[in-house]
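Take a look at the sequence and the 3D structure below.

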Amino acid sequence: PSTQIDASRPLASSVQRPRFQHNDFHPTSRKVTTMAAAGRLAGKRALITGGGRGIGAAIARKLAADGAEVAVNYVADAGSADALVNELTAAGHRAAAFQADVSDPEQIEDLVARVVAEFGGLDLLASNAGVEYFGALESITAADFNRVFGINVAGQLFAAQAAAAAM
C-alpha cells in the first residue's frame, strides 16, 4: 500500500506555537505579577530541589509567576537560595528556602515535612537537583560514582517517594 501525504495540512512540527518573550518569565514584570494573583497554579505549593540557582531558579520563577507558592531547596549555597526567595517575595510571591541534601533519604523526608509544615501541604515536585562529573574515564573513583548516583538517581527516586506520600 502506498502512503499519501495531505499537503494541505501542516505537519505537527510546522504548527505555529506562541513564543514567549523575556518579560513573560521575569518576576518583576507587570505581566508576571498579574499572573501570580490569578495564575493557573494559584493555591498550589511547589518544591523545587536544587532550586537556588540555574535551571532550578528558573523553574521556581516560572512556578511563582503562575501563582504557586515556592519552596526552594538547596544543599550548600544558602546565599543564592535566599537571594531568589527575596526576589520572589519582593515581587509578591510566597517563597521560602530549605536546606537538605537530596542524596540522603532521611533529609529528603525531613525536607518534605518542613515544606508541608510551612506551606500547609505539597502539590508539585520539580526534582531538579543534579550533579555531573567531568573527568577521564580512568580517573573516576567509587566515591565520584556514588556521589553522582546518590544525587542524580537515588535522590530523584527518594524525592518523588517522599513528595508523593505528602500529596
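## Aromatic pairs

The structure holds 2 aromatic pairs. Rings of Phe, Tyr and Trp (its six-membered ring) pair if their centres lie within 6.5 Å; planes under 30 degrees apart count as stacked, over 60 as edge-to-face and the rest as tilted. F98 sits in strand β3 (residues 95–99) and F119 in helix α4 (residues 105–119), so the pair ties together parts that are 21 residues apart in sequence. F98 is buried at 7% relative accessibility. F119 is buried too, at 6%. Here buried means under 20% relative accessible area, exposed over 50%, and partly exposed in between (1.4 Å probe, protein chains only).

F145 and F149 form a stacked pair, with 5.7 Å from centre to centre and 20° between the planes. Both lie in helix α5, 4 residues apart, about one turn of the helix. F145 is partly exposed at 49% relative accessibility. F149 is partly exposed at 39%.

## The model and its fold

This is a predicted model: local features need pLDDT of at least 70, side-chain atom pairs count only at pLDDT 80 or more, and totals for chains, interfaces and linings use all residues. Residues are numbered from 1 along each chain as its sequence is written, and side-chain values use heavy atoms, with hydrogens and water left out.

The chain has 5 helices and 4 strands. Helices (H or I, at least four residues) and strands (E, at least two) are DSSP runs, numbered from the N terminus. Along the sequence they follow the pattern α-β-α-β-α-β-α-β-α. Of the 167 residues in the chain, 34% are buried. Take the contacts (heavy atoms within 4.5 Å) between residues at least 6 apart in sequence: 66% of them join residues at least 24 apart. The accessible surface of the chain is about 10,200 Å² (Shrake-Rupley method, 1.4 Å probe). Carbon and sulfur atoms account for 56% of that surface.

## The largest pocket

Which residues lie nearest the centre of the largest pocket? They are G50, R53, V75, A129 and G130, out of 21 lining residues. Helix α2 gives the most, with 3 residues.

A pocket is an open set of points on a 1 Å grid over the protein atoms alone, where a 1.4 Å probe fits, with protein on both sides within 12 Å along at least five of seven lines; lining residues have an atom within 4 Å of a point. The volume of the largest pocket is about 520 Å³.

## Two single residues

N128 lies in the loop between β4 (124–127) and α5. Is N128 buried or partly exposed? At 23% relative accessibility, N128 counts as partly exposed. Leaving aside neighbours within four places in sequence, N128 is in contact with I48, T49, G50, I55, G56, I59 and Q156. N128 and G54 are 74 residues apart in sequence, and their C-alpha atoms are 10.0 Å apart in space.

A165 lies in helix α5. With a relative accessible area of 69%, A165 is exposed. The C-alpha atoms of A165 and E109 are separated by 9.6 Å, and the two residues are 56 residues apart along the chain.

Key: Grid points are joined across faces, edges and corners, and a volume is the space filled by probe spheres set on the points.
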